[in-house]
Amino acid sequence: MNAFLPLILFTALSAAQWTLPPGISTLQLRYPSTPWISPGDTLKQPGESGTRTDALPVPCISTLNLNTTRTYLLLFVDIDVVLESCLTTVLHWYQPHMTVSATSQCNDNGNEWLVNRTSTGAEYIAPQSPPYTRHRYVYLLYEQDPDYVFPECFGHIFPKTREGRGGFDVKQFVEVAGLKAPVAGNFFYVDNDAAPTTTTSGGLVPTTTWFRSAPCRTEEPKSTGFIFMEVDRQQMVI
């Protein structure tokens, strides 16, 4: 299976630079109010004035360097979520059945786009980094085979709720869905320097990982609850 997936999902707890794995193409994307995003760029988060975040609407995804005869599946995740001292991943968007279109909400002349006209997938949630945090948001694009079937054991991801999207296990999803290695990816940071409107404890240092194990029949029997794995405080490995 994908040997480099752990590099995407389990990274140093320090503020060290995170990069995409070697050999993966950069997914060319931008939002209607931004230029093209390069891996590691920083986007704006709404402040106290209520300004809109750069990444509030659904992004525009270019077909540059992609096989335009194929159908694609897209995952968008936040890999820096801390919940009660647990580092976890939150799914922000699952979009299958993406194909080539001449138009998108960006409508740049001369570009072709990946869009979906038939299925909403798990609806897009804009980045929402908590106050005084800097989160990494990662896009992963997979080729979708003609016989692809959504694994129903992941049906909990469709509501736009913490319970539905929290603890999303990308590695398990990829294995159960029968996907190959991603063909393209990108990531950016979102900084939120706004002060919280209520008092928070803050300063939590994650000491465990927290992933929701979907009850998929193709896997060996295991708990259908949350999986806790003790990790080194400096670096997380799997």
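Biologist: Which residue in S9 does Tyr139 stand opposite?
Modeller: This is a predicted model, and in it the strands S8 and S9, the latter covering residues 184–192, pair with each other in the antiparallel sense over nine bridges. Within S9, the residue that stands opposite Tyr139 is Asn186.

Biologist: Which residue in S8 is the bridge partner of Asp78?
Modeller: Strand S5, which runs over residues 71–83, also pairs with S8, in the antiparallel sense and over eight bridges. For Asp78, the bridge partner in S8 is Tyr137.

Biologist: How many of the 12 residues of S8 are buried?
Modeller: S8 pairs with S5 over eight bridges and with S9 over nine bridges. The strand is described as mostly covered, and of its 12 residues the number that are buried is nine.

Biologist: How many helices and how many strands are there in the chain?
Modeller: Read along the sequence, the elements follow the pattern α-β-β-β-β-β-β-β-β-α-α-β-β-β. Counted by kind, the chain has three helices and 11 strands.

Biologist: What percentage of the 238 residues in the chain is made up of buried residues?
Modeller: A residue counts as buried when its relative accessible area is under 20%, and Cys86, at 8% relative accessibility, therefore counts as buried. Taken over the 238 residues of the chain, the buried residues make up 48%.

Biologist: Among contacts in the chain between residues at least 6 apart in sequence, what percentage joins residues at least 24 apart?
Modeller: One example of a link between distant parts of the chain is the disulfide of Cys153 and Cys216, whose two residues are 63 residues apart. Among the contacts between residues at least 6 apart in sequence, the share that joins residues at least 24 apart is 74%.

Biologist: How many disulfides does a search of the whole structure find?
Modeller: Cys60 and Cys106 form a disulfide, with their sulfur atoms 2.0 Å apart, and Cys153 and Cys216 form a disulfide as well, with their sulfur atoms 1.9 Å apart. When the bonded cysteines are counted along the chain, the disulfides follow the pattern 1-2, 3-4. The search of the whole structure finds a total of two.

Biologist: Why is the disulfide of Cys60 and Cys106 right-handed?
Modeller: Cys60 and Cys106 form a disulfide with their sulfur atoms 2.0 Å apart. Cys60 lies in strand S4, residues 60–62, and Cys106 in the loop between strand S6 and strand S7, so that the pair links distant parts of the chain, 46 residues apart. The disulfide is right-handed because the torsion about the S-S bond of Cys60 and Cys106 is about 90°.

Biologist: Is Cys106 buried or exposed?
Modeller: Its disulfide partner Cys60 is buried, with a relative accessible area of 1%. For Cys106 the relative accessible area is 12%, and the cut-off for a buried residue is under 20%. Cys106 is therefore buried.

Biologist: How many residues apart in sequence are the parts that the pair of Tyr31 and Phe188 ties together?
Modeller: The structure holds 18 aromatic pairs, and one of them is formed by Tyr31 and Phe188, edge-to-face, with 6.1 Å centre to centre and 85° between the planes. Tyr31 is buried, with a relative accessible area of 0%, and Phe188 counts as buried at 1% relative accessibility. Because Tyr31 lies in the loop between strand S2 and strand S3 and Phe188 lies in strand S9, the pair ties together parts whose separation in sequence is 157 residues.

Biologist: Over the face of which residue does Arg134 lie?
Modeller: Phe187 and Tyr189 form an edge-to-face aromatic pair, at 5.8 Å centre to centre and with 70° between the planes. Phe187 is buried with a relative accessible area of 1%, and Tyr189 is buried with a relative accessible area of 7%. Arg134 is placed 3.8 Å from the ring centre of the residue over whose face it lies, Tyr189.

Conventions:
Residues numbered from 1 in each chain as written. Predicted model: local features only at pLDDT ≥ 70, side-chain atom pairs only at ≥ 80, totals over all residues. Heavy atoms only, no water. Disulfide = S-S within 2.5 Å. Helix = DSSP H or I, 4+ residues; strand = E, 2+ residues; numbered from the N terminus. Buried < 20%, exposed > 50% of the residue type's maximum accessible area, 1.4 Å probe, protein only. Pairing = 2+ DSSP bridges. Contact = heavy atoms within 4.5 Å. Phe/Tyr/Trp six-rings, centres within 6.5 Å; stacked < 30°, edge-to-face > 60°. Lys NZ or Arg CZ within 6 Å of the ring centre and 35° of its normal.
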